[in-house]
Structure formats: structure tokens, C-alpha cells
Amino acid sequence: MKQLKLLLATILLISNFCICSALAQEKTDVVYMINGETKDGKVTAVHDKSIDFIYNGEDLTYEFKKDDIQKIVFASGRTQIIAQPKTSISNLPTTTAEERKNKIAILPFTMVSNDQGLMSEAMSDQIQHATINSFKKNTNQIIVQDPMTTNALLLQNNLDPSLIKNLMPKQLAELLGVEYVVYGTANISFEGTRSYGSSSTTYKDKRDKEKKKEKSSGSEYTSNSSSTVSNYDTSIELNIFSDAGRNVYSVSRNGFGNSLDSYNGTINYLVKRTPWGSKHK
């Protein structure tokens, strides 16, 4: 009986140790970046201007600049503040009206979707670039700011999409050095898939020439094909404000077609009807 009790006690001790070890292994260091990203893993070193970091499940060491980091929450629970992510609105740089004249900047698009894959920063930038290309192609008497300049100025001033909404259009135009700012929203909803199928039959005829008879034989071949198409319901909204805070253009339109890239045709339609567009009345 004593041996049985000793065995049970030993098993219980080992189980508790394993549970505690597993819980300890689950805790990781979390690095919070200024752009809103989080990185889970292990901080292996902290330098004057950077940190060394290893992602969970990897061996490669990465270096992150402290200028890009807001804070680090270590596995122990300790929090180390690296940099403040917000910029005081009153301290934002400004430009003169003459410097901004006839210039326009298109902001990264706000994404609304039931498909989380379309809520990414990459998709927002993709539609932003499509709009910029449309402005360059379908407008005149306006200078379109390069997206790298627009996005770099936003990043340098720690203005992510949530903070952009805290700025008045006048302040944002002065910061970006343009007379007009374009706010865009893309609402793209996944509506499901549709399958299409088709079949075709081919008959090959063979004649027996050696026997000089009108005998013929043949083979029949049937092929089938099918395809699946994803359907999307898309709408694009554009709002353009001047550096005086005046709304000079505001419109929303449903997309042309059901494909994911149908936003291109919708954007072209809307841009052509802006005050500088080729079809502006």
C-alpha cells in the first residue's frame, strides 16, 4: 500500500511539473510595432538602436529598429516602452498654399469586406495604386502625388488609418503638401462561387484502303471540362476635399461585374467624372 501511495504521489508530481513546464513554454515575448503589427517570439538582445528577435518555431535571428517599435511585453510580464506611436496634431508640419496648388494625393483605401483576406494592407494599397493610375490616365490640369511620397509622409508622422481619421482634411492636405486629398472606401463582399461545365464529342473516321472496300470504322472521344468562378459584390466611394476643408466631389457606385477586380472599371468611371476628369460636365 505504501508503495502504491508513493507511486501515485510520484505520478502526480511529474504531471504537475509537465503542466507547469507547458504553461511556461506557451509564454512568449510580444513586440508591438508602431504600425500596429505584433510579433511573437523571443527577444534575445536589446541594443541602443535595435533589438534581436527570433520568431516562434524558427532559429533565424531578425533585427528590428527601435524607431519602429512601440513597446515590448516580455514573457515575464514586464513591459518596456520603446517609443510613443502618436504624433501631436498641433505639431504636424505644414506647407504653403502656393506649394500645394493643383496637387492631389490619394490616401490608402479603407476596406470593408466579409472576407478577412481582403481586409489586408496590401489590398488597400493595391486599390490606392489603381486609383492613382486612373487619375494619371483620365484627368488633366492636376498633379497626382506619387503613392510612395504619400505613404512615406503618413508613416513618418505615425499616421496609421485610425489616426488619419482624427485629422481634418485641411490639416492632412497641408501635411501631404497637396491642394486636394482623396478619401476612398472599397466595400467588397464575397457572394459565393458558381460552377460551369461543358462537354464535347469528337468522331475520328478510319477507312480500310487495303481491301478496297467501303468499310469504315471510327472512334468516339468525349471530353468534359468545368470551372468555378468566385462572385463579388463591389462598391467604391470617393470623397475629395480641398485644403480649405471643402468637399469638392463625393460619390459612390456599385461595381461593374462580379469579379474581384471589377473595382478597376468602377474607379475609372468615377475618376473620369471628377472636376478634372475627361468626362466632367
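A residue is taken as buried under 20% relative accessible area, as exposed over 50% and as partly exposed in between, with a 1.4 Å probe and protein chains only. The structure is a predicted model, in which local features need pLDDT of at least 70 and side-chain atom pairs count only at pLDDT 80 or more, while totals for chains, interfaces and linings use all residues. Residues are numbered from 1 along each chain as its sequence is written, and side-chain values use heavy atoms, with hydrogens and water left out.

Of the 281 residues of the chain, 32% count as buried. The secondary structure consists of seven helices and 12 strands, defined as DSSP runs (helices H or I, at least four residues; strands E, at least two) and numbered from the N terminus. With contact meaning heavy atoms within 4.5 Å, residues 24 or more positions apart account for 57% of the contacts with a separation of 6 or more.

Helix α6 (residues 169-176) is largely enclosed by the rest of the structure, because six of its eight residues are buried. These are Pro-169, Leu-172, Ala-173, Glu-174, Leu-175 and Leu-176. Gly-177, with a positive phi near 75 degrees, follows α6.

A nonpolar core is a set of buried Ala, Val, Leu, Ile, Met, Phe, Trp, Tyr and Cys residues joined through side-chain atoms within 4.5 Å. The largest such core has 26 residues, and those touching the most other members are Ile-104, Ile-127, Phe-135, Ile-188, Ile-236 and Ile-240. Two or more residues each come from β7 (103-106), α3 (121-138), β10 (180-207), β11 (216-242) and α7 (263-272). The contribution of α3, five residues, is the greatest. A second, separate core of 13 residues includes Ile-164, Leu-167, Leu-176 and Val-178.

Pockets were located on a 1 Å grid over the protein atoms alone, as open sets of points where a 1.4 Å probe fits, with protein on both sides within 12 Å along at least five of seven lines; lining residues have an atom within 4 Å of a point. The largest pocket is lined by 32 residues, of which Pro-108, Glu-121, Leu-159, Asp-160 and Pro-161 lie nearest its centre. Elements giving two or more residues to this lining are β8 (110-113), α3, α4 (147-156), α5 (161-164) and β10. The most, four residues, come from α4.
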